[in-house]
Amino acid sequence: GYTKSELVDRKDMNIHGFCRNFTDGANELQFVDIATDSNSNIYAVGNHSAGYIILMKFDANYNLLWQTSINDGDATATELAYGIAIDETDHAYVSGSTTWIGEGGTDAFIAKFTPAGLLNWTKIYGSAANEYASSICRVQKASVESMLVSIVNTADKSTTFMELDTD
């Protein structure tokens, strides 16, 4: 798993505050999005150089609470994360792409995780073309909560907004 280095002051980069660096010592991890929950916990989603997604949850002081991965187990497949959103019950939703299953070479997916980091469900969207879920956000309309996802089709260069129920 990933370990944290000591707290590093990054005022030299005009970052007013502190940050923690995370590494497993050998592989590259690029965080692509972050979000916070109702308890000020921080969720970070990133892409690992081995072709899978890492989802981490930290407390407000950047202490790692848990981490999990989105990985199909197939060394030839690639999953990429593009976004994360948190619902009102602190479930995490990750948007991205996969080459593992679906209709085309690359298909969009949305995965829902419990506040404890367990996978609740995954939904795949695709056609014979290549698609990916480029971003995701929480939408509240009156008393109904949903997730708004943008699905990009690379063949016709279109973007479709899709609203998903959070159940």
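Q: Is strand S9 mostly covered or mostly open, and how many of its eight residues are buried?
A: This is a predicted model. In it, strand S9 spans residues 79-86 and is mostly covered. Six of its eight residues are buried.

Q: How does S9 pair with strand S10?
A: Start with the general idea. Strands of a sheet pair through backbone hydrogen bonds, either parallel or antiparallel. Here S9 and S10, residues 92-98, pair in the antiparallel sense. Seven bridges link S9 and S10. Across the pair, Leu80 stands opposite Ser97 in S10.

Q: What lies between the strands of this hairpin?
A: Five residues lie between S9 and S10. In this hairpin, Asp90 takes a positive phi near 70°.

Q: In what order do the strands of the open sheet run?
A: Four strands form it, in the order S5-S6-S7-S8. Their pairing is antiparallel. The twist averages 20° from one strand to the next.

Q: Which strands stand at the edges, and why is one side of each left without a neighbour?
A: Strand S5 (29-36) and strand S8 (64-70) are the edge strands. Each has a single partner strand, so one side of each lacks a neighbour in the sheet.

Q: How is S5 joined to strand S6?
A: By seven bridges. S6 covers residues 42-48 and runs antiparallel to S5. Phe31 stands opposite Gly46 in S6.

Q: Where do side chains point in a regular strand?
A: They alternate between the two faces of the sheet.

Q: Which residues have the most contacts inside the largest nonpolar core?
A: They are Val45, Leu55, Ile70, Ile84, Ala92, Val94 and Phe113. The core has 15 residues. S6, S7 (53-58), S8, S9, S10 and S11 (107-113) each supply at least two of its residues. A second, separate core has eleven residues, including Ala133, Met147, Val149 and Ile151.

Q: What is Phe113 in contact with, leaving aside its neighbours within four places in sequence?
A: Its contacts include Leu55, Ile70, Ala92 and Val94. Thr68, His91 and Asn120 are also among them.

Q: How is a pair of aromatic rings described, and how many aromatic pairs does the structure hold?
A: A pair is described by the distance of the centres and the angle of the planes. This structure holds three aromatic pairs.

Q: What sits over the ring of Trp121?
A: The charged end of Lys123 does, 4.5 Å from the ring's centre.

Q: Is Lys157 buried or exposed?
A: Lys157 has 71% relative accessibility, so it counts as exposed. The cut-off for exposed is over 50%. Lys157 lies in the loop between strand S14 (144-153) and strand S15 (158-165). Glu131 is 26 residues from Lys157 along the chain, and their C-alpha atoms are separated by 9.7 Å.

How values were computed. Residues are numbered from 1 along each chain as its sequence is written. This is a predicted model: local features need pLDDT of at least 70, side-chain atom pairs count only at pLDDT 80 or more; totals for chains, interfaces and linings use all residues. Side-chain values use heavy atoms; hydrogens and water are left out. Buried means under 20% relative accessible area, exposed over 50%, partly exposed in between (1.4 Å probe, protein chains only). Two strands pair if DSSP finds at least two bridges between them. Rings of Phe, Tyr and Trp (its six-membered ring) pair if their centres lie within 6.5 Å; planes under 30 degrees apart count as stacked, over 60 as edge-to-face and the rest as tilted. A charge sits over a ring if NZ of Lys or CZ of Arg is within 6 Å of the ring centre and within 35 degrees of the ring normal. Axes are lines fitted to C-alpha atoms, for helices over the stretch in contact, and angles run from 0 to 180 degrees between N-to-C directions. A nonpolar core is a set of buried Ala, Val, Leu, Ile, Met, Phe, Trp, Tyr and Cys residues joined through side-chain atoms within 4.5 Å. Contact means heavy atoms within 4.5 Å.
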